[in-house]
Amino acid sequence: MLIFPAIDLKDGKVVRLHKGSFDTVHQVADDPVATARTFYEAGARYLHMVDLDGAKEGVRKNSVIVRAVADAGLKIELGGGIRSMEDIRAVFDLGVWRVVIGSAAVTDPDFVRAAIEACGTERVAVGIDAKNGSVRTAGWVEDAGLHYLDFARSMEALGVRHIIFTDIDTDGTLAGPACGRLAELKEAVSCQITASGGVSSNADLRVLRNMGLYAAIVGKAWYAGAVDLRQAVEECQ
């Protein structure tokens, strides 16, 4: 199982949210590039980044920082505000390894199909963000009226190979991952599943590893000092 430490960007700062609420945004690190280098020194070779400005407003504002972080040597998967093939090309030009399509996967499934055909299944992931099992879009503020399992099946039918599942109810809570929903998702589709939300310890990561998941994202738990990243990489990756 791969370990993806996380950097969420808002207004050029490294921040975290609690259960996806922008009212709870708080800065957790001073320098995104230095943070990425710390991850690299701990053995991580992958990085999950979210442009929260892009996710909420549909306009990416942190491209300069993304390019600088890409130079730190990590393979970056980036989500937030990716709504068109032009966006994808611009993001890849920044040195990003994989794009994560979120809201646009709900509103424009044909875009997902076109992205996979143009870029391949390894360079395109779909982010499924759900609250109480219902898919959310536009920075998690809008309910799409879709059950996450039905939506996942529809994405698999388009050729999607990688799904990043964020359980909003656990995100930023350090309450443990949503293992039940992750198990249901793994049963429902044959895609590679990345778990996001709720990780509180290295023990949580071992549980996710034993579930046979493709990857896990570590956010608040690392910033809070609750996860030893070097140990996680050694044990899981």
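Contact here means heavy atoms within 4.5 Å. This is a predicted model, in which local features need pLDDT of at least 70, side-chain atom pairs count only at pLDDT 80 or more, and totals for chains, interfaces and linings use all residues. Residues are numbered from 1 along each chain as its sequence is written, and side-chain values use heavy atoms, with hydrogens and water left out.

View A. Helices (H or I, at least four residues) and strands (E, at least two) are DSSP runs, numbered from the N terminus. Asp167 is buried at 2% relative accessibility. Buried means under 20% relative accessible area, exposed over 50%, and partly exposed in between (1.4 Å probe, protein chains only). Leaving out residues up to four places away in sequence, Asp167 touches Ala130, Ala178, Arg181 and Ser196.

**View B. The largest nonpolar core and Leu205.** A nonpolar core is a set of buried Ala, Val, Leu, Ile, Met, Phe, Trp, Tyr and Cys residues joined through side-chain atoms within 4.5 Å. The largest one has 68 residues, and Ile101 and Leu205 have the most contacts inside it. Helix α7 (residues 148-157) supplies the largest share of this core, five residues. A second, separate core holds eleven residues, including Leu2, Tyr46, Val100 and Tyr214. In soluble globular proteins, nonpolar side chains tend to be buried together. Beyond its neighbours within four places in sequence, Leu205 contacts Met1, Ile3, Val199, Ala216, Val218, Val227, Ala232 and Cys236.

**View C. Helix α9 against helix α11.** The axes of α9 (residues 202-210) and α11 (residues 229-236) come within 10 Å and cross at roughly 20°. The pair therefore counts as roughly parallel. Axes are lines fitted to C-alpha atoms, for helices over the stretch in contact, and angles run from 0 to 180 degrees between N-to-C directions. Angles under 35 degrees count as roughly parallel, over 145 as roughly antiparallel, 65 to 115 as roughly perpendicular, and the rest as oblique. The crossing is right-handed. A crossing is right-handed if the near helix is turned clockwise from the far one by less than a right angle, and left-handed if anticlockwise. Asn202, Leu205, Arg206 and Arg209 of α9 meet Gln231, Ala232, Glu235 and Cys236 of α11. These residues divide into three nonpolar, two polar and three charged. Ala, Val, Leu, Ile, Met, Phe, Trp, Tyr, Cys and Pro count as nonpolar, Asp, Glu, Lys and Arg as charged, and the others, Gly among them, as polar.

**View D. Helix α7 against helix α8.** The axes of α7 and α8 (residues 179-188) come within 10 Å and cross at roughly 35°. This crossing is right-handed. From α7, Tyr148, Leu149, Ala152, Arg153 and Glu156 meet Arg181, Glu184, Leu185 and Ala188 of α8. The contact has five nonpolar residues, no polar and four charged.

**View E. Met155 in helix α7.** Met155 is buried, at 1% relative accessibility. Leaving aside neighbours within four places in sequence, Met155 contacts Ala105, Val112, Val126 and Val160. The C-alpha atoms of Met155 and Glu142 are separated by 19 Å, with the two 13 residues apart along the chain.

**View F. Positive phi at Asn132 and at Leu174.** Asn132 has phi near 55°. Asn132 sits in the loop between β7 (124-131) and β8 (134-137), and is exposed with a relative accessible area of 59%. Leu174, not a glycine either, has phi of about 60°. Leu174 lies in the loop between β10 and α8, and is partly exposed at 31%.
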